[in-house]
Amino acid sequence: MPADRKGMIEALQNNLVPVLRQRGYTGSHPHYRRIGATHIDLITIQFDKWGGGFRGEIAKCPSRNIMGACGIPVIPSKAKVWDSADNRHFLGKGEWLRYDDLPPGKDHLAHLALEAVKQLDVAELWFSGQIELKYSNGTTRFLSHFLWRV
């Protein structure tokens, strides 16, 4: 794993993960979940396969009778974003938060991790049903940007 990705993961663990824990999430990098009475709130941190960026992906799935992507039952404490194939969204505008074009230094990585923390507020509104997330092409699967309905 490249050193810059390791540094970004460390910055996320120091800045994002404590906020997730305060909000009741369990799990470990990159999969976090908050199990409720009726559904599970899911967050995954996805890294760009070409390096240099990450983004958050969120989903909801029922608290019971979870079927994984391959039709295999999943226990709630192991649910992941891709276990909710029809109800997934990227945080922000779906764009990668880039750390490959930042000047060297942990402060810049921490600042980028705090940008991810800011995006959690939209996730919380969606998880609670206060907003509906739709994309400009009307789907919930592919993202160009959010159209919010409060």
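Which residue lies over the face of Trp-96? Arg-55 does, at 4.0 Å from the ring centre, where a charge is taken to sit over a ring if NZ of Lys or CZ of Arg is within 6 Å of the ring centre and within 35 degrees of the ring normal. This is a predicted model, in which local features need pLDDT of at least 70 and side-chain atom pairs count only at pLDDT 80 or more, while totals for chains, interfaces and linings use all residues. Residues are numbered from 1 along each chain as its sequence is written, and side-chain values use heavy atoms, with hydrogens and water left out.

Lys-60 also has its charged end over a ring, that of Trp-126, 4.6 Å from the centre.

Turning to ring pairs, rings of Phe, Tyr and Trp (its six-membered ring) pair if their centres lie within 6.5 Å, and planes under 30 degrees apart count as stacked, over 60 as edge-to-face and the rest as tilted. The count by this rule is 3 aromatic pairs. Because the planes of Phe-47 and Phe-54 stand at 40°, with ring centres 5.9 Å apart, that pair is tilted. Trp-126 and Phe-127 form another tilted pair, at 5.5 Å centre to centre and 45° between the planes. One aromatic cluster is formed by Phe-47, Phe-54 and Tyr-99.

As for accessibility, buried means under 20% relative accessible area, exposed over 50% and partly exposed in between (1.4 Å probe, protein chains only). Phe-47, at 11%, therefore counts as buried, and Phe-54 is buried at 1%; Trp-126 and Phe-127 are buried as well. Asn-65, by contrast, is exposed at 77%, and has a positive phi of about 50° although it is not a glycine.
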